[in-house]
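Hello,

Here is the structure you were going to look at.

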Amino acid sequence: MAADSNISPEDFDYISKLVRDHSAIVLDRGKEYLVESRLWPLINSEGLSGIGELVKKLRTPSANKLHEKVVDAMTTNETSFFRDFHPFEALKKVVVPEIMKNRAAERSFTIWCGASSSGQEPYSILMMLRENFPALASWKFKFIASDISREMLDRCREGSYSQLEINRGLPAPYLVKYFQRNGMQWQIKDEVRKLVDFREMNLAADWPFLPQLDIVMMRNVLIYFDVEIKKAILGKIRKFLRPDGYLFLGAAETTMNLDESFVRVQLSQSGCYRLRNP
Amino acid sequence: MLKELGFEVYDAGDGKQALDRLKEVGKIDLALVDWNMPVMNGLEFVCAVRANPDHNDMRLMMVTTETEMSQVVKALEAGANEYVMKPFTKDIIVEKLNLMGISQG
């Protein structure tokens, strides 16, 4: 794995430290491949010859914008519509109906996507909700989506995707119903876009106020943090998650050994987490 | 690609040939349909299949270079279940199979 790497240990450590200082994301030795693949597009667009030259440039005093771009490139998460498929089925078949039943009197529903990346996850959930739970339209419905990257949030708010992106995981009937062409791209219609409150947020730093949450989506983002930060994040989620609420992590992630207040629930082919009953 | 995924695969060069094959084989679970074909194009094929209630369960997925919204709408209205724009990868096909409730062979 590391053997084929074109990145020198010094350069890797430099980038590792830069990313860690600005986002608390941990890139251990062994993640060289990730650094290379994420930074190649930036290296090309800056007209550089490789990671070595990039780091050289980063070390110069005037390189601020470049630092931001490197952090951005390393912290974005590859995502797609209805990624992994099963969690959305679990939401549709079990989680949302159950929460709606529990909230029937207050008619309020709040969801938070904690790593919205380019927006496919929040928009997938919204499309699924509009298709299957039209009653929510008359509820007090709040959908918060946050990300550390301002650039990603701009992408989210714009809601435009390439042909490659809409080809992946998105049911064709949803494409027809919820998208419109925007030049060469496909854009989520206003009626869906305006439902999301996109916010800039660093999971590893202080959190702004969050309302009580029915569903938290935190998929494939904890993997970037070290154990202490993971624990801190789960501890904060615990404060905001309603006692009967649900937390979704990525398929390979777990709260085990991190936070004993969560218990795993298996739903169809997807696992998720709830607060353990006192 | 589909054989790798474990499916039994038939092919046809145009819509009419495809209909003939379908008649021969009797029941086919899924067709990947190109749009632009001679003799009978993909849209006509979809219409022909959907006109026959014997094939109600058959899944029809367009796989085509046609990428205008109006084309997607036409295909779905004619009865196609899914739509893939070329170029595509194996991952894209697998994800679409999932969406149509088809597990790998």
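The crossing of α2(B) and α3(B) is left-handed. Please keep in mind that this is a predicted model.

In chain B, helix α2 covers residues 42-50 and helix α3 covers residues 69-78; their axes come within 9 Å and cross at roughly 20 degrees. An angle under 35 degrees counts as roughly parallel, so α2(B) and α3(B) are roughly parallel to each other.

Which residues of α2(B) and α3(B) make the contact? From α2(B) they are B:L43, B:V46, B:C47 and B:R50, and from α3(B) they are B:K74, B:A75 and B:A78. Sorted by class, five residues in this contact are nonpolar and two are charged, with no polar ones.

Now the other pair. Helix α1 of chain B runs over residues 15-25, and its axis comes within 9 Å of that of α2(B), with a crossing angle of roughly 30 degrees. With that angle, α1(B) is therefore also described as roughly parallel to α2(B). Is the crossing of α1(B) and α2(B) left-handed or right-handed? The crossing of these two helices is right-handed.

On the α1(B) side, the contact is made by B:G15, B:A18 and B:L19. On the α2(B) side, B:G42, B:E44, B:F45 and B:A48 take part. The contact of α1(B) with α2(B) has four nonpolar residues, two polar and one charged.

To put the two pairs side by side: α2(B) crosses α3(B) in a left-handed way, while the crossing of α1(B) and α2(B) is right-handed.

Regards

Notes
Residues are numbered from 1 along each chain as its sequence is written. Chains are lettered from A and ligands numbered from 1 in the order in which they are written. This is a predicted model: local features need pLDDT of at least 70, side-chain atom pairs count only at pLDDT 80 or more; totals for chains, interfaces and linings use all residues. Axes are lines fitted to C-alpha atoms, for helices over the stretch in contact, and angles run from 0 to 180 degrees between N-to-C directions. Helices (H or I, at least four residues) and strands (E, at least two) are DSSP runs, numbered from the N terminus. Angles under 35 degrees count as roughly parallel, over 145 as roughly antiparallel, 65 to 115 as roughly perpendicular and the rest as oblique. A crossing is left-handed if the near helix is turned anticlockwise from the far one by less than a right angle, and right-handed if clockwise. Two residues are in contact if their C-beta atoms, placed from the backbone, lie within 7 Å. Ala, Val, Leu, Ile, Met, Phe, Trp, Tyr, Cys and Pro count as nonpolar, Asp, Glu, Lys and Arg as charged, and the others, Gly among them, as polar.
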